[in-house]
Amino acid sequence: MLFLFFSSNNLVNFVFDIGMKRLFFEYIVSCALLLCLFNACKREKYHEPDVYDRVVLYYMDGKENNLSQYIIQNYNEIKEGYVPKAKSSDVLLVYIHNDRWPAQLIRLTSEGGYVKETLIKEFSFNVSAQPAVIRQILNFTAERFPSYQNGLVFSSHGTGYLPVGYYKSPANFTISKSDGVSVPYTQPIPVYDDFDYSTTGTKAIGDDVSNSTDIWDLAELLPLKYDFIIFDCCLMGCVEVAYQLRNKVDNIVFSQTEILARGMDYVNMAKALFAKDGPDLNSVCTDYMNLYNNTEDPSATISLVRTDCIDSLASICNRIMSYSSEQIKSIDRNGLQRYFRTYTPVRRDFFYDLDDFMKVLASDKDYERFKACLDAVVVCAYHTDSFMIYDRGFKLDRNCGFSTYVPINYASWHPYLNNCYQLLDWCRDVYGENCQNFPYL
């Protein structure tokens, strides 16, 4: 009986041990399954979203111009600064085209302290400044990376509101005597112009007539409304540019003067654009000024403007123009702040301070109204004390945030510009639909 007692007890223990082992095994299997399920859920949490929070595209064109080396330098500077993490809902894209690399769209992400460059697509374009190319890249980006907030940074040549090719060679353009239609001559007019075509000092030199985009074309081809556009391009800071783009962008950062070929502060730019509380465009402006303020020849202007109130600015300017047509003919341009360097005999005097221009023309009451509208549109405006003062430059006493065209007609190439100027929304809404009261237009 004692034997049976011990045998039964051992049997119970044996069965108990088997049950515990089975329970333990089942516990381990359950934990493994839960861990797999947890990892699967974790991976699911970071899948690419259907719509991203913020997408910023740097459009960097250094092909067939004198900017290739600077574009590459700027691209490397972008990688030195803030780059969104790989699983972030913020997206940093760079479309880059230069003399060394084919046209390509790249997504930059940060992983483990390193910047990863993911090629999204390579393109076979020969140039990247034509309207059809810009349209294709922007459309592709908008479709591939839909977002609640969108920003653009353009880095290339720029000449403000001027028609394609005009800034480089104004004397090549005139009115055809045969039909009175404004067309460029196929052969240059024999006018000696001491403009330096080979300089690499700024971003306004060397744009080819057939490979550029007018501002009215740019306004048409933008596929969506952008939260901001930053122009790292010369002479884009015109009221005409902002007004033409008013329905396609909320905020614009641009320069009233040329921009030195080094460009903007790309190391710090992305950090400001992807700031937690929204794009810090004021910091983009101050970083740009800090980049040049401590140089041997400080030369920079920049402003940030809003477009939601710019219609009111056009309205008050229209009122001022209603009684100022004759004053424009006799205006003393030397008293206006200019934003262009001096060449002879083609002065390229197409960019003056908007505030100076209106101050000369407006009554006291209308000028007060103009200033109130201007202050509502211009968020900030900065300038150095001079611009390239040792290379046909000029003093900078002020910068209201906008340059503008003061109509002229003293040279054979001005009628072409004036005809093209009438294509702009600003000219239509400020000077009138047919500009009949303004002899130059």
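Two residues are in contact when heavy atoms of theirs lie within 4.5 Å. The model discussed here is predicted.

1. As background, nonpolar side chains in soluble globular proteins tend to be buried together.

2. Overall make-up. The protein chain holds 13 helices and 15 strands. It has 441 residues, and 51% of them count as buried. Its accessible surface is about 20,800 Å², with 52% belonging to carbon and sulfur atoms. How many of the contacts between residues at least 6 apart in sequence join residues at least 24 apart? The share is 73%.

3. Strand 5 and its neighbours. Strand 5 spans residues 147–155 and is mostly covered, with seven of its nine residues buried. Strand 1 pairs with strand 5 in the parallel sense over eight bridges, and within this pairing Tyr59 has Phe154 of strand 5 as its bridge partner. Strand 8 (residues 226–232) also runs parallel to strand 5, joined to it by five bridges. Here the bridge partner of Gly151 is Phe228 in strand 8.

4. Pro279. This residue sits in the loop between helix 6 (266–273) and helix 7 (281–293). Is Pro279 buried or partly exposed? Its relative accessibility is 27%, so Pro279 counts as partly exposed. Beyond residues up to four places away in sequence, Pro279 touches Arg54, Gln149, Phe228, Ala272 and Leu273. Pro279 and Phe228 are 51 residues apart in sequence, while their C-alpha atoms are 8.5 Å apart in space.

5. Asp349. The loop between helix 9 (325–329) and strand 11 (352–353) contains Asp349. Why does Asp349 count as buried? Its relative accessible area is 2%, and buried means under 20%. The side chain of Asp349 makes a polar contact of 3.4 Å with the side chain of Tyr410. Not counting residues up to four places away in sequence, Asp349 touches Arg333, Phe340, Ile408 and Tyr410.

6. Arg107 and Glu48. The whole structure has 17 salt bridges. One of the pairs is Arg107 with Glu48, whose side chains meet at 3.3 Å, N to O. Arg107 belongs to strand 3 (residues 104–111) and Glu48 to the loop between helix 1 (2–45) and strand 1 (52–62), so this pair ties together parts 59 residues apart in sequence. Arg107 is buried at 8% relative accessibility, whereas Glu48 is partly exposed at 40%.

7. Asp308 and Arg306. The side chains of Asp308 and Arg306 form a salt bridge of 2.4 Å, N to O. Arg306 is partly exposed, at 32%.

8. A salt-bridge network. Which residues are linked in a network of salt bridges? They are Arg246, Asp311, Asp425, Arg428 and Asp429. Within this group, the side chains of Asp429 and Arg428 meet at 2.9 Å, N to O. Asp429 is partly exposed, with a relative accessible area of 26%, and Arg428 is partly exposed as well, at 29%.

9. Helix 12. This helix covers residues 414–421, and six of its eight residues are buried, so helix 12 is largely enclosed by the rest of the structure. The buried residues in helix 12 are His414, Tyr416, Leu417, Asn418, Cys420 and Tyr421.

Note on methods:
Residues are numbered from 1 along each chain as its sequence is written. This is a predicted model: local features need pLDDT of at least 70, side-chain atom pairs count only at pLDDT 80 or more; totals for chains, interfaces and linings use all residues. Side-chain values use heavy atoms; hydrogens and water are left out. Helices (H or I, at least four residues) and strands (E, at least two) are DSSP runs, numbered from the N terminus. Buried means under 20% relative accessible area, exposed over 50%, partly exposed in between (1.4 Å probe, protein chains only). Accessible areas come from the Shrake-Rupley method with a 1.4 Å probe; for residues, only the protein chains shown count as cover. A polar contact is a pair of N or O atoms within 3.5 Å; within protein, one must be able to donate a hydrogen and the other to accept it, and residues adjacent in sequence count only if both atoms are side-chain atoms. A salt bridge is a side-chain nitrogen of Lys or Arg within 4 Å of a carboxyl oxygen of Asp or Glu. Two strands pair if DSSP finds at least two bridges between them.
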